[in-house]
Amino acid sequence: MSVADNSATADNRAACSDADSSEAPAAAALSQSRLVAYCAALGAAPFLLVLLGFLIAPTSWAVRHSGNTYLANVGYATKLKNANCDVVIYGDSSAMVGLDPAIIRQRTGLSTCNIAEFAGMTMVSGLLIPELYLRNNRAPKIWVFDFAPENLAPFAKWETVGRYEAILFRIRDRRDLSTALLLAEHPAEAINFSALALRLALQGFLRPALPASTFAIRSEHDGYLPVPGARLKACSPERRERPSDPDYIQFLRSRFGADGAQVLVDTTPVPACEPTFDFYAKANPAPTDNRIEAYQLEDFTGSGRLHMSPSGVAKFSNLVSDQIVARLKIAATQ
Amino acid sequence: MLFSSAAFIFVFLPVVLLGYHLASKMGSRVEFVWLAAASLFFYGYWDARYLFVLVGSILVNFLFAGKIAAASGDERRASAWLIAAVAANILLLVWYKYFFPTVGFLQSIGLQTPDWVAVALPLGISFFTFTQIAYLVDLSQGAAAKQGIISYVLFVTFFPHLIAGPIIHHSEMMPQFDARQRKGLQADDMALGMTWFILGLSKKVLLADRLGPLSDSLYAQPAALDPVATLIGVLAYAFQLYFDFSGYSDMALGLARMFSIKFPVNFNSPYKARNIIDFWSRWHMTLTRYLTAYLYNPISLYINRRRMALGKKISKRATRTLEGFAELVAFPTLATMFLAGIWHGAGLQFIVFGLLHGFYLTLNHAWRIFTPDRPKLQRLMPWPVAMALTGVGVVVGQVFFRASSVGDAMTVLGGLLHLHGGVSMAEGPAVGLVPSTSGFLMNPIHAVAAFVLCFVIVLGLPNTQEILGEAPRESGSERTLLKRLAWAPNFASATIMIALFAGCFLLLDASTSFLYFQF
């Protein structure tokens, strides 16, 4: 081979190696950018899913297809403007499904509203619901606060008790900084809410929409939510033992009695087989205006904790009516 | 917090990754401190009280390590310090893990004992205790170097492995904690780590957690279910245990890889094993490695030395005599597995589990040693039969592992053999334990379909590390469907991973704790 040929070959080799060395960084850069894009996609996806859940949950479609009657009626108190009820009931679900305003109205002659919500609402938002009622209505003659015995103390931390509906109420009806801060303080619960919202939405595609009448149930019953269900057959062995907080009960009396209203604080009766009955009954004096009572099993349904059947509702509503009559020193109308 | 929890995925992990990335700009030491602090926070999040147990264990063992290292020229002193250190660690374990269950057992058989209030078991105590014991043993033998406090703390507490393994070895970890190796977050490791994590999360949330309630239903009331329901519960647990534990290990490996730390693989398709020896080389591999190195080998060494002192043979030929086999093979195997059973828990059922596997292994070794034409005989047994036989043995062992007592385990096994009647799972007394997210499995047809899917996954598909191209070379290749299933960081993989994550996200609030948490 001649020197020229060798030179040409050498030039070719040099040209090839130049091409190789310029391609190698470009290929590496492409590979690096692909990796970064891959990581970015996987890293962003979880947060986008959370956002999606928060966007879908408050839509009317999601609520209509939730299959959840309570969800369709959450936040009933916000619908009451100038209702100006003489008797206002607030508490947890045992109050919402256990105290019938119609019975109390019949017994006392006083207009009655039931603005109670699941315990999760009080857990998440404290006493926001009765405060909201007072913004649009005059103070009642008498407040009736009724809770299951384990709910007569503030929640130290969020528990799984109707939390979904409570959070939905906040992001749909109280979309403000306080809600944002609240969710920021409970990030795990907020994210689980989003996950549940997406799951419910997916299930919603397979579920028929709730009829329009479902959304009016509480309005038609002055806030009482009649919950159908088979009679309770046996008590749950679960022991929910949270001592009542006298300071909390006193706070209810002082805060809501400030406008001159009377305040009754009651604890919902329990089935006779309730394992924690003795735990709550031993408190002496009783922290509430009624002593904890044991009703028959048939006075309860199996639809939720201390949810009453029509016989239980009648009994308890009459009991509270008697308390109202005595407290307001009025004559019973029946 | 669980790896599969919202708090971990959305808050803890992003914060730690971001902090690590920022710390890497300030030097390796800052990186280590950040990771160690994050790991201690991770542990303390469960229960801050037990942080004192962990920190105390680390400090005491670090001091012992100093004493052992200082006595390196003096074998007797080093051994004395080692014995003291091991005794202290075992005492800690005995106190938290075995003392109160033993008291409970004594009380149950009518013996009077003082009325002590039981203490809860600190999470991962077995794991961080044995990891440190291994390090101290190797240090005393000159097989490990004395570490500085920060790298030692990180070695013990690094959060991906802290609660439930894999059981890491200092020789594979310390070089990775070498300051010269640290480079901060790397895109290739992040991509692989995130993928590995999602695959593990999917196994846990989409498979293990959905099957778990079926086994819970059985073991809550073992005498109540009919043979079909019992079989469903038993198989459900076999798959739940594998997907839960291997899923956790995958998450741990993925998390470590995000920080460019390589953990050893812990599962290698164990249900594909064709004999029990093979099974233990594929199931909880780091535990097998640990048991072999720190229990089996020392026991064997002791026996060999004793035999030699008595003029007996210790060669392979010696194992072909009954006497030699009993001493050289059977005893070390049974002793090791007996201790392995105890490691898993303070209950007679765990001892039975350990001894059962010890018996299986001894039988397998005997088959290999005493059958003259083993290859020919093996050809008579097709591999699916060998796999099924191994599977049956493993599942029987799992019944003892899962049951709350030996009695319950025998009831379950009796149920499989139709020794007592019962009702279907949907009619069972514990049906209330089944959440709505697993309710569809109450239908036997759906349960069977789920099991078929599980069988295809565990027997037919490549495992996680094979898909990711991270399988150890020595693992070899096996018959699998989708042999070419291989991950690459591209659009298709990203889509699949996001879809899998979305599926897990939908069930995140229904996720349960890991099975190996209270070990």
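Which residue forms a salt bridge with Asp244(B)? It's Lys204(B), with the closest N and O atoms 3.1 Å apart. The close-ups below start from that pair.

A few ground rules: this is a predicted model, where local features need pLDDT of at least 70, side-chain atom pairs count only at pLDDT 80 or more, and totals for chains, interfaces and linings use all residues. Residues are numbered from 1 along each chain as its sequence is written, chains are lettered from A and ligands numbered from 1 in the order in which they are written, and side-chain values use heavy atoms, with hydrogens and water left out.

**View 1. Asp244(B) and Lys204(B) pair up in a salt bridge.** A salt bridge here is a side-chain nitrogen of Lys or Arg within 4 Å of a carboxyl oxygen of Asp or Glu. Asp244(B) sits in helix α10 (residues 227–258) of chain B and Lys204(B) in helix α9 (residues 187–220) of chain B, so the bridge ties together parts 40 residues apart in sequence. Helices are DSSP runs (H or I, at least four residues), numbered from the N terminus. Both Asp244(B) and Lys204(B) are buried (buried is under 20% relative accessible area, exposed over 50%, partly exposed in between; 1.4 Å probe, protein chains only).

**View 2. Arg307(B) meets Glu323(B) in a salt bridge.** The N to O distance is 2.9 Å. Arg307(B) belongs to helix α12 (residues 285–309) of chain B and Glu323(B) to helix α13 (residues 322–344) of chain B, so this pair connects parts 16 residues apart in sequence. Arg307(B) counts as buried because its relative accessibility is 4%, while Glu323(B), at 38%, is partly exposed. Zoom out a bit and salt bridges with shared partners join Arg306(B), Arg307(B), Lys312(B), Glu323(B) and Glu327(B) into one network.

**View 3. Over in chain A, Arg105(A) forms a salt bridge with Asp222(A).** Their closest N and O atoms are 2.8 Å apart. The two come from distant parts of the chain, 117 residues apart: Arg105(A) is in helix α5 (residues 101–108) of chain A, and Asp222(A) is in the loop between α11 (217–220) and α12 (246–256) of chain A. Arg105(A) is partly exposed at 33% relative accessibility, and Asp222(A) is partly exposed at 25%.

**View 4. Asp189(B) and what it touches.** Asp189(B) lies in helix α9 of chain B and is buried, with a relative accessible area of 15%. Leaving aside residues up to four places away in sequence, Asp189(B) touches Arg257(B), Met258(B) and Ser260(B) (contact means heavy atoms within 4.5 Å).
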